[in-house]
Amino acid sequence: MKTAIGEYMDTNIVSAPADTSIEKLQDMYLGLFVRHILIVRDQACLGLLSIGDILRALMVEKDEEIRKLNRIASWEYYENWGWHHKYQKKGNQKQNKPKNK
């Protein structure tokens with residue numbers, strides 16, 4: 001018994017324009033419960049995007065964001081912050097540290 005593939009395929013294809021943001025695509029995957037979205041530009045099909053493609057793109061974005069934050073708030077930044085400098089020696093004079101109460 002031969003069955004036509006048309007009996008198994010889904011004809012409700014979800015599509016999105018090529019300039020759709022990654023965040024919007026992520027919302028579409030989660031909200032529409034789909035695993036693939038057809039990407040179109042000027043009524044031409046550019047390709048099929050999977051949820052894995054979006055997850056990879058989001059991970060790359062997050063990795064870049066974390067690297068930027070690490071450069072801003074590196075240990076070197078805190079080591080050179082300055083709060084400890086007011087308790088260091090100035091010339092031959094020693095400044096007193098405040099006493100804990």
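Ser50 is placed in strand 3, where helices (H or I, at least four residues) and strands (E, at least two) are DSSP runs numbered from the N terminus. The model is a predicted one, in which local features need pLDDT of at least 70 and side-chain atom pairs count only at pLDDT 80 or more, while totals for chains, interfaces and linings use all residues. Residues are numbered from 1 along each chain as its sequence is written, and side-chain values use heavy atoms, with hydrogens and water left out.

With a relative accessibility of 18%, Ser50 counts as buried; here buried means under 20% relative accessible area, exposed over 50%, and partly exposed in between, for a 1.4 Å probe and protein chains only. When neighbours within four places in sequence are left aside, Ser50 is in contact (heavy atoms within 4.5 Å) with Tyr29, Arg35 and His36. Gly47, which also lies in strand 3, is partly exposed, with a relative accessible area of 29%. Residues up to four places away in sequence not being counted, Gly47 touches Ile37, Leu38 and Ile39, and the C-alpha atom of Gly47 is separated by 9.4 Å from that of Ala18, 29 residues apart along the chain.

The protein holds three helices and three strands, and from the N terminus on these elements run β-α-β-β-α-α. Of the 101 residues in the protein, 12% are buried. Among the contacts with a separation of 6 or more, 22% are accounted for by residues 24 or more positions apart.

In helix 1, which spans residues 22-32, Leu25, Met28 and Tyr29 are buried. These residues lie on the same side of helix 1 because they cover an arc of only 95° around the axis, the arc being that of the directions from the helix axis to the C-beta atoms. On the other side of helix 1, Asp27, Leu30 and Gly31 are exposed. The buried residues of helix 1 pack against strand 1 (15-17), strand 2 (36-41), strand 3 (44-50) and helix 2 (51-72). Helix 1 is followed by Phe33, whose phi is positive, near 55°.

A nonpolar core is taken as a set of buried Ala, Val, Leu, Ile, Met, Phe, Trp, Tyr and Cys residues joined through side-chain atoms within 4.5 Å. The largest such core has 10 residues, namely Val14, Ala16, Leu25, Met28, Tyr29, Ile37, Ile39, Leu49, Ile54 and Leu58. Helix 1, strand 2 and helix 2 each supply at least two residues of this core, and helix 1 gives the most, with three residues. Ile39, a member of this core, touches Ala16, Pro17, Ala18, Leu25, Ala44, Cys45, Leu46, Gly47 and Leu49, residues up to four places away in sequence not being counted.

The largest pocket is lined by Asp10, Asn12, Ile13, Val14, Val34, Arg35, His36, Ile37, Leu38 and Leu48; a pocket is an open set of points on a 1 Å grid over the protein atoms alone, where a 1.4 Å probe fits, with protein on both sides within 12 Å along at least five of seven lines, and lining residues have an atom within 4 Å of a point. Strand 2 contributes the largest share of this lining, three residues. Ile13, one of the lining residues, lies in the segment before strand 1 and is exposed, with a relative accessible area of 59%. The C-alpha atoms of Ile13 and Ile37, 24 residues apart along the chain, are separated by 7.4 Å.
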